[in-house]
There are 2 protein chains.
Amino acid sequence: MDKNNLKIRFDYNNMMDKFVGSKEGIKDSDILEMTPFAKNAYDTFESIRGTGMTGWANLVNYNKEEIDDIVNCAEDIRKNYEYFVVLGIGGSALGPIAVFQALCHLHYNDLPSEKRNGPKFYVEDNVDPERMVALLDVIDVEKTMFNVITKSGSTSETMTQYLIINDILTKKLGDKAKEHIITTTSSSKGNLIKISKKEGYKTYFIPDAVGGRFSELSPVGLLPAAVLGVDIYEFLDGAKFMNEICSSSDLDKNPALMSALLSYISLRRGKNISVMMPYADGLKYIADWYCQLWAESIGKEVDKKGNLVFEGQTPVKALGVTDQHSQVQLYTEGPFDKVTTFLAVDEYRKIVKIPDGCEDIPDVNFLCGHTMNELIQAERVATEYALTVKNRLNRTIYLPILNAFTLGQLLFFFELETAYMGEMLGIDTYNQPGVENGKNATYALLGRNGYDAKREELNNAPKKDDKYII
Amino acid sequence: MDKNNLKIRFDYNNMMDKFVGSKEGIKDSDILEMTPFAKNAYDTFESIRGTGMTGWANLVNYNKEEIDDIVNCAEDIRKNYEYFVVLGIGGSALGPIAVFQALCHLHYNDLPSEKRNGPKFYVEDNVDPERMVALLDVIDVEKTMFNVITKSGSTSETMTQYLIINDILTKKLGDKAKEHIITTTSSSKGNLIKISKKEGYKTYFIPDAVGGRFSELSPVGLLPAAVLGVDIYEFLDGAKFMNEICSSSDLDKNPALMSALLSYISLRRGKNISVMMPYADGLKYIADWYCQLWAESIGKEVDKKGNLVFEGQTPVKALGVTDQHSQVQLYTEGPFDKVTTFLAVDEYRKIVKIPDGCEDIPDVNFLCGHTMNELIQAERVATEYALTVKNRLNRTIYLPILNAFTLGQLLFFFELETAYMGEMLGIDTYNQPGVENGKNATYALLGRNGYDAKREELNNAPKKDDKYII
């Protein structure tokens with residue numbers, strides 16, 4: 001494999017004034033002027049790389065033996081289990097879902113087992129009781145491996161699922177229940193490592209310096225991917241390749257840094273919405289994964305100095321061509337409040353010819369003789385064009401083909417862009433203080449010990465007025 | 001059934017200053033002041049109801065014989081076909097997907113056929129060649145009924161799928177191919193009605209006065225729903241009930257009108273983002289359906305008088321509790337640029353108890369003895385609280401339970417809200433001129449006759465500069 005033929009490309013022509021006009025477009029001189037600013041963000045990030053919560057950036061330098069162990073474990077699961085169920089939420093779910101969609105058959109679970117060559121796959125990332133019952137209707141727990149993923153072991157949703165599943169397994173299988181659970185958690189602290197040791201579960205570790213939304217290249221993402229037959233060495237090598245590409249503070253050489261700077265400039269010019277629009281069903285859930293990464297990392301009330309900044313850019317997921325028939329009307333005609341990022345693939349993994357037909361209906365017959373591949377590419381180019389002539393900022397990331405290597409590049413590109421953006425904004429990219437209050441209120445509502453003050457606070461909150469309910 | 005026990009409730013307490021503070025909150029006096037404005041929007045809509053493209057508003061007054069015919073046809077399909085595949089995009093896909101998710105088992109296609117009691121269900125709303133191949137890998141076309149849905153019959157995506165499927169069917173089944181295709185299209189114009197007559201397909205009609213995004217209560221939505229075993233009389237009756245509830249220009253009695261006014265005020269105060277966040281997996285794709293309705297209806301470059309307005313509010317879909325671990329950090333701490341609408345259900349259709357376990361780990365054990373139902377409700381209330389104390393505008397729509405009747409109410413509530421909002425903004429709610437340029441560019445790129453000028457225009461567009469590709 002020649003890596004350079006598989007390099008993803010970042011095309012930001014349509015962010016520039018030459019293409020979207022001088023009012024909306026970014027000028028060469030804007031970028032030139034901000035080059036020291038970008039370089040500073042790069043240098044700051046490099047100076048903290050691997051420390052604090054930036055351990056994710058070093059996951060590309062993997063230890064082959066550790067990966068071999070994951071692959072061997074996955075091979076066992078592929079042979080011996082008919083179902084593989086991830087119990088996890090947020091960063092413990094979005095990466096596994098995205099990789100599954102990208103690198104497996106698009107109707108994987110519907111394939112007969114001899115075509116699947118691996119277990120059916122489910123990711124349970126909600127606590128809706130209807131969904132839990134639905135899952136139990138379609139799996140046989142005695143033929144299922146559950147992967148419980150939570151770094152702290154205090155994630156209420158995941159631990160609730162664990163309690164329910166462990167209870168069912170233990171009642172059915174007694175001591176053998178433990179053969180159906182693998183945990184992925186912190187090695188040093190938290191509840192799940194304690195439980196795992198006590199129960200004797202096989203356990204994979206999430207490094208302390210890796211947060212949930214940056215954990216896809218850790219066992220969080222690697223075990224599910226390997227169970228699905230993904231080449232996780234290629235996946236990691238793709239990320240490593242992107243890391244090498246971005247090992248320069250030169251904007252013209254570091255696409256993630258350039259992308260971060262363009263995001264920064266756009267945000268400062270009032271583009272408070274970032275649309276991620278892949279033109280491939282396989283990339284659909286990359287948009288969901290990106291939405292967590294961008295929203296939680298960049299959306300912050302205070303900067304590092306403690307100043308109130310209410311920073312953030314709202315990520316929006318769309319799918320080409322589908323959402324041309326849902327969102328593009330707004331994107332071309334609505335407010336100038338967005339940047340759209342298209343994800344394109346040069347070569348789809350299948351070719352479908354559009355056959356002859358409807359000879360007497362020219363409105364339809366012109367399609368005949370083309371391929372679906374030509375159609376989806378034409379629609380992508382046409383949508384890009386339609387946005388551009390309406391002076392709407394947009395950019396495109398091209399994947400030569402969608403595979404483990406290019407996907408690894410893409411994910412790492414976004415992780416680096418996010419890290420650089422956080423430094424540009426001067427915020428803490430890696431915390432999420434805004435979810436604490438909701439968590440504590442949940443604990444209080446469920447009567448957990450130690451949350452009396454929060455319960456009191458909730459009781460003293462203004463009561464809802466019936467006149468505002470109709 | 002007592003309809004009033006099943007009435008959905010619109011709670012806008014947390015839009016008001018008493019709850020989110022005087023800076024962000026809306027005052028009683030704001031609403032009072034704008035009451036004539038809201039009444040005017042209501043009156044304007046009522047004056048055009050049923051004319052132009054507002055025929056959707058009269059779909060609630062259905063003809064029982066027409067619905068009986070759909071139900072009978074659906075019964076035949078349920079008995080005689082193992083797969084039911086919708087070929088459609090945008091408004092022809094989002095409603096069927098939303099109803100499927102809401103009213104069928106959450107892993108419906110994974111159930112064994114004796115538990116499903118109906119065909120497996122797929123909605124193909126993209127032209128990715130990988131997805132078309134994947135579909136053909138998991139269905140047997142000889143046991144499949146295809147429902148081709150496009151009002152005009154000139155939707156490139158749907159007609160491409162039709163050409164491919166018809167070719168396969170004809171090669172396998174010859175003359176009997178037509179027994180595997182039902183079309184849903186305009187009775188009076190377009191290509192698909194011509195094709196249907198020529199080929200002898202069973203056809204259902206979309207009224208001329210009903211546009212794609214408002215078509216769920218027409219055969220577009222009703223046939224797929226009936227095939228899935230949904231009680232479509234109840235569904236329509238739910239919509240009709242909401243229509244009755246909203247038959248007043250009194251803001252305190254018409255929840256859709258009040259919701260539209262609150263949306264209008266928020267938009268004018270800079271809230272350019274509208275988040276739809278259901279707390280139920282069953283309601284997940286209602287958010288997608290809403291996103292099309294709101295984006296395409298409200299996102300407009302010009303008002304009715306032709307003034308440039310660049311109107312629009314970007315809809316964002318989220319899912320509770322899942323996206324608490326992805327988006328809520330941004331919603332509580334980021335810019336004050338959103339209104340969040342929660343969808344709640346009072347009673348889930350299943351109850352799951354959280355069993356005892358982890359007795360030595362209080363961080364986990366406090367969950368035991370509760371139900372998943374209590375947990376998801378507590379998390380919803382806690383998230384609402386966390387947003388409210390951070391002065392973030394939010395509102396909640398409660399469904400007593402999720403069923404066909406309440407779902408009909410909910411969809412019609414949003415359709416009415418959108419109609420009122422369009423009148424408040426003075427825009428054409430029912431057109432979508434912004435997608436034309438992209439369509440025409442696609443035609444030009446595919447070499448369709450009659451698009452030479454557009455081809456010329458594309459050829460003359462500025463060429464991309466390699467220096468902006470890294």
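Two residues are in contact if their C-beta atoms, placed from the backbone, lie within 7 Å. By that criterion B:Ile286, leaving aside its neighbours within four places in sequence, touches B:Ala98, B:Ala102, B:Pro278, B:Leu343 and B:Leu410. The model discussed here is predicted. Its chains A and B can be laid on each other with an RMSD of 0.0 Å, and each gives 129 residues to the contact between them.

**Overall form of chain A**

- Chain A contains 19 helices and twelve strands.
- With a radius of gyration of 24 Å, close to the 23 Å that the globule rule gives for 470 residues, chain A is as compact as a globular protein of that length.
- Taken along the principal axes, the box filled by the C-alpha atoms of chain A is roughly 65 × 60 × 60 Å.
- Of the 470 residues in chain A, 60% are buried.
- Contacts in chain A between residues at least 6 apart in sequence include 74% that join residues at least 24 apart.

**Relation and contact of the two chains**

- The C-alpha of chain A nearest the axis belongs to A:Val316 and lies 3.1 Å from it.
- The same surface serves both copies, in that 100% of the contact residues of chain A recur in chain B.
- The contact takes 129 residues from chain A and 129 residues from chain B.
- Helix 16 (residues 372–389) of chain A supplies the largest share of the side of chain A that touches chain B, namely 13 residues.
- By residue class, the side of chain A that touches chain B comprises 64 nonpolar, 36 polar and 29 charged residues.

**Domains of chain A**

- The domain assignment of chain A gives domain 1, which covers 3–33 + 236–425, and domain 2, which covers 55–230.
- The centres of domain 1 and domain 2 of chain A, taken over C-alpha atoms, are separated by 30 Å.
- Where these domains meet, domain 1 of chain A contributes 22 residues and domain 2 of chain A contributes 19 residues.
- On the side of domain 1 of chain A that touches domain 2 of chain A, the elements giving two or more residues are helix 11 (232–245), helix 13 (284–298) and helix 17 (404–425) of chain A.
- Helix 13 of chain A gives the most to that side of domain 1, with nine residues.
- The residues on that side of domain 1 of chain A divide into twelve nonpolar, four polar and six charged.

**Nonpolar core**

- The largest nonpolar core has 318 residues.
- The residues with the most contacts inside this core are A:Leu257, A:Ile286, A:Tyr420, B:Leu257, B:Ile286 and B:Tyr420.

**Helix 18 of chain A**

- Helix 18 (residues 436–445) of chain A is mostly covered, with eight of its ten residues buried.
- The buried residues of helix 18 of chain A are A:Asn437, A:Gly438, A:Asn440, A:Ala441, A:Thr442, A:Tyr443, A:Ala444 and A:Leu445.
- The cover over these buried residues includes helix 8 (156–173) and helix 19 (452–460) of chain A, together with helix 14 (328–333) and helix 16 (372–389) of chain B.
- Just after helix 18 of chain A, A:Gly447 has a positive phi of about 75°.

**Helix 9 of chain B**

- In helix 9 (residues 191–199) of chain B, the buried residues include B:Asn191, B:Leu192, B:Ile193, B:Ile195 and B:Ser196.
- The buried residues of helix 9 of chain B pack against helix 15 (362–365) of chain A, and also against strand 4 (144–149), strand 5 (181–186) and strand 6 (202–206) of chain B.

**Two individual residues**

- A:Phe235 is found in helix 11 of chain A.
- A:Phe235 has 28 other C-beta atoms within 10 Å and is therefore buried, since the threshold for a buried residue is 20 or more.
- Leaving aside its neighbours within four places in sequence, A:Phe235 is in contact with A:Ala225, A:Val230, A:Ala404, A:Leu407 and A:Gly408.
- The C-alpha atoms of A:Phe235 and A:Ala225 are 9.4 Å apart, and the two residues are ten residues apart along the chain.
- A:Arg455 lies in helix 19 of chain A.
- A:Arg455 is partly exposed, with 17 other C-beta atoms within 10 Å.
- The C-alpha atoms of A:Arg455 and A:Arg380, 75 residues apart along the chain, are separated by 52 Å.

Terms used: Residues numbered from 1 in each chain as written. Chains lettered and ligands numbered in written order. Predicted model: local features only at pLDDT ≥ 70, side-chain atom pairs only at ≥ 80, totals over all residues. Buried ≥ 20, exposed ≤ 12 C-beta atoms within 10 Å, placed from the backbone. Helix = DSSP H or I, 4+ residues; strand = E, 2+ residues; numbered from the N terminus. Least-squares fit on C-alpha atoms with pLDDT ≥ 70 in both. Rg over C-alpha atoms; globule rule 2.2 N^0.38 Å. Domains from an automatic or database assignment. Nonpolar A, V, L, I, M, F, W, Y, C, P; charged D, E, K, R; others polar. Core = buried A, V, L, I, M, F, W, Y, C linked by C-beta atoms within 7 Å.
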